[in-house]
Amino acid sequence: MNYVVYSHSSFADILEVQTDYLKDIDNKFLFIDKSNNLLSNCSTPHMNHLYSQYKDVIYYDDSKPYASRLIDCLEELKQRHNVEFCLFTHDVDIIMHQDTQALENCLQIMKDNKIHRVSLQYDWNDENDDQTLIEIMSQEITKTPKADTVYLRQDAYGAYAYEVNPAIYKIDHFLGLLRVDPNLGYRQIETDRRIQQYAKDVLRACKLKCFETDTIHCGYFNCLPIYIFLHITHSGKLVPTDQDDRFFVKNSYYDVKGEYLKILEKYNLSSNRIFG
């Protein structure tokens, strides 16, 4: 699996965290602005240290909007490395745990069934609950889900047909989506009607399904057991540690809050840090 992390030099402290959690992933690529390597407001190593952890670093023009930055970087990634599929994520979605085999199975199912996108964000919406399910590990087809199992289902509905959360993409179709309007910014792209319509009409998009009782409450989101990520910022600040009922409902499977507290201490992240 090829991993792509989108970042910005002003988030270098958060990128350091994400990079460390991906230390065992060989095929990872970084999309980032061209900085001057002088980190005036971040207590992290120089950017070159972070860059060296990636197979390749692809720079974008910071003056361009989000969609155009991604278009340029994805085209460069294809040209340099002939990458057809990738797991795309942002620096602030810290990948605490991933089931490598399950993700590789997702990728194979995508290739076998001509699927263009698989969202790695758990979606509670069940309005098309009667659809056929593909069990990720066995790749068997069923319509009757069971506990402790993750399934893939075709889904152009849910809360969003497209969202900016982590997902596995066929890059050509990701580019097609972004080209609907290259002038869209990060805050606009999810809510743009044309983007959502394109995602419903053109993309063959799938989501992963499991029982809600099998999910892990991880900050702002519930996460799938095969892919646990912490959206480490909320409303421009780090996730608060004094609102467990909102951000850290305890789950015996994975101690998200305990891991988060280790991050805050290890990387000396301040609760006063403001993220633009």
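Predicted model: local features only at pLDDT ≥ 70, side-chain atom pairs only at ≥ 80, totals over all residues.
User: Okay, overall picture. What does the radius of gyration say about the protein?

Analyst: The general idea is to take the radius over C-alpha atoms and compare it with a globule rule, 2.2 Å times the number of residues to the power 0.38. For 276 residues, a compact globule would come out near 19 Å, and the protein has 18 Å, which agrees. Along the principal axes, the C-alpha atoms fill a box of roughly 55 × 45 × 35 Å.

User: And how many helices and strands does the secondary structure hold?

Analyst: These are DSSP runs numbered from the N terminus: helices are H or I with at least four residues, strands are E with at least two. Here you get nine helices and 16 strands.

User: What share of the residues counts as buried?

Analyst: Buried means under 20% relative accessible area, exposed over 50%, and partly exposed in between, with a 1.4 Å probe and protein chains only. In this protein, 57% of the 276 residues are buried.

User: Let's do strands. Which residues sit on each side of β1?

Analyst: In a regular strand, side chains alternate between the two faces of the sheet. In β1 (residues 3–6), Tyr3 and Val5 lie on one side, Val4 and Tyr6 on the other, and all are buried, leaving both faces covered.

User: Which strands pair with β1?

Analyst: Two strands pair if DSSP finds at least two bridges between them. β1 runs parallel to β2 (residues 28–33) over four bridges, with Val4 opposite Phe29. Another four bridges join β1 to β4 (residues 85–90), also parallel; there, Tyr3 has Leu87 as its bridge partner.

User: What handedness does the β-α-β unit with β1 have?

Analyst: Point the strands away from you: if the path from the first strand over the helix to the second runs clockwise, the crossover is right-handed. The unit made by β1, helix α1 (residues 12–21) and β2 is right-handed.

User: Why is β5 described as largely enclosed?

Analyst: Five of the six residues of β5 (residues 93–98) are buried, so the rest of the structure largely encloses this strand. β5 runs antiparallel to β14 (residues 227–231), joined by five bridges, and Asp93 is partnered with His231.

User: What does Ile263 touch?

Analyst: Contact means heavy atoms within 4.5 Å. Not counting residues up to four places away in sequence, Ile263 touches Val17, Tyr21, Ile94, Met96, Ile232, Asn268 and Leu269.

User: Last one: is Tyr267 buried or exposed?

Analyst: Buried, at a relative accessible area of 10%. Tyr267 is in the segment after α9 (256–266), and leaving aside neighbours within four places in sequence, Tyr267 contacts Glu16, Val17 and Asp20.

Notes: Residues numbered from 1 in each chain as written. Heavy atoms only, no water.
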